[in-house]
Amino acid sequence: MASFTLRVNGEPRTVSVEPDTPLLYILRNDLELNGPKFGCGLAQCGACTVLVDGKPVRSCVAPVSTVAKGRITTIEGLGTVDRLHPLQRAFIAEQACQCGFCGNGMVMSAKALLDRTPRPNDRQIKQALNGHLCRCASHNRIVRAVQRAAEELRAAGRRGAGAPPAEASLSNKEMRS
Amino acid sequence: MSATSSGDVSRRAFLKASSGLVIGFALAPRLAIGQDRPAPLPGSLNANRMLDAWLRIDPNGTVTIFTGKIELGQGIGTALSQIAADELDVDLKRVEVVSGDTARTPNEGQTAGSLSVEHSGTALRFACAEARDILVSAAAVKLGAPAAELKVSDGAVSAPSGTGVTYWDLARDTDFKREATAKVKPKQPAEHRWVGKSIARRDIPKKFTGGAAYVQDVRLPNMVFGRVVRPPSPGAQLLSVDEAAIRRLPGVVAVVRDGSFLAVAAEREEQAIRAREALARSARWGETESLPPTGDALYRHMMSSTVPGETVVEKTSPVVAAPVKTLEALYTRPYQCHGSLGPSCAVAQWQDGKLAVWTHSQGVFPLRAELGKAFGIPPRDIRCIHAEGAGCYGHNGADDVALDAALLARATSGRPVKLQWMRDDEFMWEPYGSAMVMKLSGGIDAQGNIVTWSHELWSHPHSTRPGASAGVNLLAARHLAPALAPGLPADVPQPAGGAARNAIPLYDFPNVKVVKHYITDAPLRTSALRTLGGYANVFALESFVDELAAAAGADPVDFRLRHVKDPRARGVIEAAAQRAGWRPSARGDGTRGRGFAFARYKNLACYCAMAADVEVDRKTGRLSVTRVVAAVDAGQIVNPDGVINQIEGGIIQSTSWTLMESVRFDRTRVITRSWADYPIVRFTDVPEVEVVLLNQPAERFLGVGEGSQGPTAAAIANAIANATGKRLRALPFTAERVKQAMA
C-alpha cells in the first residue's frame, strides 16, 4: 500500500492503495463518484473515461501511480443537475441516450474535443468519439448534442463570460411534438 | 430505491432503503378457489386489481404511481407518469414513480415484449381515471355541489361558486384500498395535456451528472466486492482449486466453492479482481467438446435435428391458380449477443435468513421466485429491488448475477456483496439470441401475385428466463453440487410466438404454411434477445418477398401493397416510401442501392416500414448503410420522442447485428470474450435515420421497443440486391461475405 494525494475535480483527495490500482476503482469506491463506469476493464469501450490534464484517459487501465500528479476531472467536475455544463445540458436537451451507461465517456471525450476544436464538423465529432461504444445506438443524438454544446460554448465565448445562460426547466420541458 | 423516481437517488436514500428490509406485501385480495372468476380488467389491472397497488396521493401534494415495469432506458417511467398525470389532472412534476420492487409494486412479470405501455400504461390509465372520480365525488360531498359541475386543475377541485378543495386535503380521508372496476372512462385524446408530447425523460439528468442511477452505484455500509470465476467452457467441471492460497491474498474475505461454482469476495474491488485471476490460474477443469459445429456446418447440424416440424399455421385456398414460377431460398442467422455495455451486476445481503437483492433484472417477481427455488426458502423471505443496469435488450446476465451475489453473500457474515461480472463473463455466459435457419419457398401466378408461401424454420429456445419453466433458470444453479437443472423451456405460443415470431406473413397470401423445428437441446444457452425469432424471421420473409417481386418483375413497394389489405400496414408502407422519395423499380448503380421492408412486430404491436440506402465497395466488400427512413404506426403515441428514440436505436442496433455480429466458438469453448472479438457499429458506421410517426390518437397503445429490428435487416439485404444484383442470405453481412458474393 502507498499513499497518493490526487487532485480530483479541483479537490485534493488522499487514498492509501496499491500503486497499480486502476484509477477507476479509486474514483468509484474510495471517492464514491458514480460518473466513470466499469464497462470492460480493457480500455475497449470508453465508459470509464476521465480527463487527466485535459486529455481523455481510460481510468479502468490507468494505474493510479501514473496519473497521481495530474489534474483529474470526472463528469461530476463539469457541472451538477442544478448547474449544468453546456455539454450536460446539450445531452439532456437532445435526450441523447437510452440506458446512458456510455454517456459519461461520451461527454468527457467531447469535452476534450471542444477544448481544442471549438467548431468541429460532424466528421470530427464522430472521429473523436469513435473509440466509444454505445449499444443502445444513440450515436446520431450524441453527435447533435456535441454540436449543440459547441454552439452554446461559442455563444458564451462571444459574450465574453464563462457563465452559462439561465437554466431552462428540464424536468418537464416540452421538446418537440 | 426506484430507478424511475424523478430525483437523484442519493446514497442516503440507498442507506435508508436498506436499513429496514420490508419484505412481503399483499397487493390483491386473495381469491378463493372455486369462487366465480372476477370480471376481466384492462392491462395489468387484471392481475393486480386493487387501486392502492397502483397509486397513492399524499397530503404533501405528491402523487406516487407504482408499476411492475422497470426502466431500461426506454423511458417507461416518463411515459407512465404522463398517462397518470393526464387522468388525474395533476401537473407532471407531482408524479413520483416507484417501480420493480417486490415489497412495493404490482407484479407485472417481465418488462419485455414491447408491452410496458400496453400493460402498465393501460392499467394506470384506468386506475387513475377511477381515482380521479373517487376524489371528485368526495369533493362534491365536501363542497355541496354536483360532481359533474366540478373542475380539476393540478389537483385543485373547484365548484362554479368559487369554493374549492384539493386532492391533498382529501387524501387523508380517501381510501384507495378497493378493487378497481375500470368503469370510469379515461379521457379523450383531445383532453390530454401530457400524453402525446415529447416530455423530457426523468431518468436522464442524473445519468449525465454522476447521479446514482444504476445498480452499480448502490453502496451499502460494510459492503464487500465480489467476482465469480466461471468454467472455461460450457461443458467444463471443476476438478481442483487451491482455495486456501487464495484466502491468504490481500483483502480476501471469502472464497466460495460449490461444485463448479467459484466466487470470491474482497474488501476492495481491485483485490477481488486479483483474487479472481489467481483463482482462475489455480483452478483445474475437465472440459468436453459440447458445442456444435461452426460456420455453415452449424446450420446443417440444426437442420439435421430429429425434432419434427410442428405446423404453426396452415392456410389453403383451393380456388387459386397454380404458380407459374416457384422459388426456394435458405436464410441463416448466427448466435448473437446482447452485449450490454456494462456487464451484469447485483448487490445481495442476507440478514436473519432473509435475502435482499438489488438487481437490474427485467422481472423482480420471477427472479424472486427463482431465487426462492435455488435457496429453498419462501419468496416472502426475499426482496428484489430493481435498479437500472446498462441497456439489456432482453435476457442477459442480470438474473444470473443476482444468484451469484446471493451465493457469495452467504459466506460474508451478513455483509452485503456487490458482485460485478467482468467483460468475459458477460460475453461467454450471457444467454445468446439463438442461431436460426429459415427455409422459404413460394410461387407466383401469371399475374405476378404470390399464390403459395411456405416458411420452415429451425431454432433453439428464445425464452429461458426465470419463471419461463420449471427448474431453476439461473446460470450458477447448474454449476452447484448437486446441480439444480433448468426446466425444459416451452416456446412462446402464438399469436406472439417465440421461435416463429413474425414467421406468419401479414400479407394476404392464399396458401400459407409455417413449420417450426423447436430444438430445446441447446448446447449454447439461448434466451430472449430483442424480438426473439422476429428479427431472423422478418429478415427471411421480407427478403423473400423481394426475391419474388424480382421474379414477378414488380416494384418492391407496389408488390407489397398489392398483397396487403390492412390499412395501417398500407399506411406505413406508403409513408415510408413517400418520405424516402422511393422511385418505383429504380435500379442501383452497381455500388449504391435502396431496399424496402415492412413488418408489424409480433403481428400484434407497432407497424413499421422502412427504406434503407447502402453503398457497397465491391473490391473490399465493405458495406455502408448510409440512410434509413422509417414510418411507424404505434396507435396512440404517449411520448413521440420516446418512440423515435426506440425506433432509431433499433434501426442502428439492428444494422450492427446485420453487418457485424456473430458469437465465435469452437467445439469446446466460446471464443468471443471481449469487444475485440465482437465488433459492433461505431460512430463512423452509423446511418442517418429519419422516423415518421403516424399518430393514431383514437387507437390503443401498440408497443414500439422492438418494432424496427427485423425490417432493418431485410431492408439492408434488399438494398444490397438492388445495388449489386447479389442476394445475401447469411447473416451477418461481413466484408468477407460481401466480397465473396460480389466475386
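Predicted model: local features only at pLDDT ≥ 70, side-chain atom pairs only at ≥ 80, totals over all residues.
Residues are numbered from 1 along each chain as its sequence is written, and chains are lettered from A and ligands numbered from 1 in the order in which they are written.

When I say helix or strand, I mean DSSP runs numbered from the N terminus: H or I with at least four residues for helices, E with at least two for strands.

Now chain A as a whole. Chain A has 6 helices and 5 strands, and from the N terminus on they run β-β-α-β-β-α-β-α-α-α-α. Its C-alpha trace spans about 55 × 35 × 30 Å along the principal axes. For 177 residues, a compact globule would have a radius of gyration near 16 Å, and chain A agrees, with 16 Å. That radius is taken over C-alpha atoms, and the globule rule is 2.2 Å times the number of residues to the power 0.38. In chain A, 53% of the 177 residues are buried. Buried means 20 or more other C-beta atoms within 10 Å of the residue's own, exposed means 12 or fewer, and partly exposed is in between, with C-beta atoms placed from the backbone.

Let me zoom in on one helix, H4(A). How many residues does H4(A) have, and how far does it reach? It has 14 residues and reaches 20 Å from its first C-alpha to its last, close to the 20 Å expected at 1.5 Å a residue. The expected span is 1.5 Å times one less than the number of residues. Of those 14 residues, 11 are buried, including A:Met106, A:Val107 and A:Leu113. What covers them includes S3, S4, H3, H5 and H6 of chain A together with helix H5 (204-207) of chain B.

That brings us to the partner chain. In all, 53 residues of chain A are in contact with 58 residues of chain B. On the chain A side, H3(A) gives the largest share, 3 residues. By class, that side has 23 nonpolar, 22 polar and 8 charged residues.

What about chain B itself? Its secondary structure comes to 17 helices and 24 strands. The radius of gyration of chain B is 27 Å, close to the 27 Å that the globule rule gives for 743 residues, so chain B is as compact as a globular protein of that length. Buried residues make up 58% of chain B. Chain B is divided into domain 1 (11-207), domain 2 (215-287 + 341-429) and domain 3 (297-335 + 432-462 + 498-742). The C-alpha centres of domain 1 and domain 2 of chain B lie 36 Å apart, and their contact takes 21 residues from domain 1 and 22 residues from domain 2.

Is helix H10(B) covered or uncovered? It is mostly covered: 12 of its 12 residues are buried, among them B:Ala405.

B:Ala405 also leads us to the core. Which residues touch the most other members of the largest nonpolar core? Of its 284 residues, they are B:Ala405, B:Ala576, B:Ala630 and B:Val632. The largest share of this core, 11 residues, comes from helix H3 (residues 116-143) of chain B. A nonpolar core is a set of buried Ala, Val, Leu, Ile, Met, Phe, Trp, Tyr and Cys residues joined through C-beta atoms within 7 Å. Not counting residues up to four places away in sequence, B:Ala630 touches several residues, including B:Ala576, B:Cys608 and B:Ile647.

Key: Contact = placed C-beta atoms within 7 Å. Nonpolar A, V, L, I, M, F, W, Y, C, P; charged D, E, K, R; others polar. Domains from an automatic or database assignment.
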